[in-house]
Amino acid sequence: MSKFIPSDSFSELTKFLQFNGLELGIIMSLSLLSIVYGALRCNILAIKIKYDEYEVKVKPLAYVCIFLWRSFEIATRVIVLVLFTSVLKIWVVAVILVNFFSFFLYPWILFWCSGSPFPENIEKALTRVGTTIVLCFLTLLYAGINMFCWSAVQLKIDSPDLISKSQNWYRLLIYYMMRFVENSVLLLLWYFFKTDIYMYVCAPLLILQLLIAYCTGILFMLVFYQFFHPCKKLFSSSVSESFRSFLRCVCWSCVRRKSSEPVVSVDTDFKSSTDQDQGQDEDEAQDQDQDVTPSTSRLSPETTEMWSAVDLYSA
């Protein structure tokens with residue numbers, strides 16, 4: 001490039017790119033901070049809506065945990081999507097559509113499976129069509145948020161408040177497990193199809209850093225729910241208790257599998273040994289019967305004549 005561009009213009013071009021890159025970095029950082037701040041405020045608002053009957057006091061450390069949780073989660077998700085888009089521009093549309101429609105249809109599927117009547121008490125002035133449009137826009141917002149981070153408000157269409165006030169740890173666990181697997185697959189596809197633009201980037205190290213950053217966000221989330229949630233005393237079970245019960249179930253299933261295999265072999269060996277013992281006992285019993293009551297066919301002619309004479313004398 002320097003062969004075709006004069007040295008003065010080349011230096012000006014590099015300065016221009018550096019300046020624009022600095023501006024772009026500042027704009028991206030401010031955008032990320034604004035999104036994280038919005039997610040933090042949504043978290044606090046969702047907690048106050050869920051527990052409106054109680055006095056909610058959020059500690060400063062809770063704000064710090066939520067901020068770090070959302071920062072790592074949203075930043076890593078955006079970077080993963082940007083890297084995947086840079087190498088597979090067409091397939092990213094399929095990824096976005098699958099994510100979007102999955103979260104858009106999920107509240108409606110739960111509503112249809114529950115068999116509840118259609119909600120009509122959202123606004124008295126709204127007709128059935130207006131209520132449907134409002135719910136569709138609400139689920140659109142819900143799906144758009146869940147594409148990048150865990151939504152602070154879980155929709156429940158059959159509820160009058162349209163918000164699920166129960167803390168479902170298993171849904172949270174499934175969401176983050178699926179999101180971690182999806183990020184890993186997208187990063188692996190980026191690694192296999194990356195172009196020469198990333199020749200100066202250590203791809204394995206970048207993938208490891210992104211996955212560790214996502215796990216760090218999950219760690220801050222668990223710390224928030226375990227120690228700094230303002231209404232943690234109202235939970236039916238804490239994060240540690242749910243984790244312990246999950247480990248117990250896994251360990252119990254593993255132990256049961258291991259213990260079931262030798263028990264079957266022992267049972268079969270015991271049955272075969274008992275069958276053999278029964279066969280030997282029957283053979284010994286038959287031998288003893290033969291020894292005690294010998295058959296007349298084995299008697300000699302002299303003994304038969306003697307017994308007949310005795311019988312005649314006694315008669």
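Is Ile-212 buried, partly exposed or exposed? I looked this up in the predicted model. Ile-212 has a relative accessible area of 47%, so I log Ile-212 as partly exposed. The cut-off for exposed is over 50%.

**Ile-212, continued.** I placed Ile-212 in helix 6, which covers residues 203-228. I then checked Ile-212 against Phe-72. The two are 140 residues apart along the chain. I get 9.6 Å between their C-alpha atoms.

**Nonpolar patch.** I found a nonpolar patch of about 680 Å². I list its members as Tyr-170, Leu-173, Met-177, Phe-243, Phe-246, Leu-247 and Val-250. Which helices each supply at least two residues of this patch? I note helix 5 (169-193) and helix 7 (239-292). Helix 7 gives the most, with four residues.

**Met-177.** Met-177 sits in helix 5. Its relative accessibility is 48%, so I count Met-177 as partly exposed.

**Helix 5.** I checked the length of this helix. It has 25 residues, and at 1.5 Å a residue I expect a span of 36 Å. I find its end C-alpha atoms 36 Å apart, which agrees. I then went through its buried residues. I log Trp-169, Leu-172, Tyr-175, Tyr-176, Arg-179, Glu-182, Asn-183, Ser-184, Leu-186, Leu-187 and Trp-190 as buried in helix 5. For the spacing I keep one rule in mind. An α-helix has 3.6 residues a turn, so residues three or four places apart point the same way.

How values were computed:
Residues numbered from 1 in each chain as written. Predicted model: local features only at pLDDT ≥ 70, side-chain atom pairs only at ≥ 80, totals over all residues. Heavy atoms only, no water. Patch = residues over 30% accessible without salt bridge, like charges linked within 9 Å, V, L, I, M, F, W, Y side chains within 5 Å. Areas by Shrake-Rupley, 256 points an atom, 1.4 Å probe, with all protein chains shown as cover. Salt bridge = Lys/Arg side-chain N within 4 Å of Asp/Glu carboxyl O. Buried < 20%, exposed > 50% of the residue type's maximum accessible area, 1.4 Å probe, protein only. Expected span 1.5 Å × (residues − 1).
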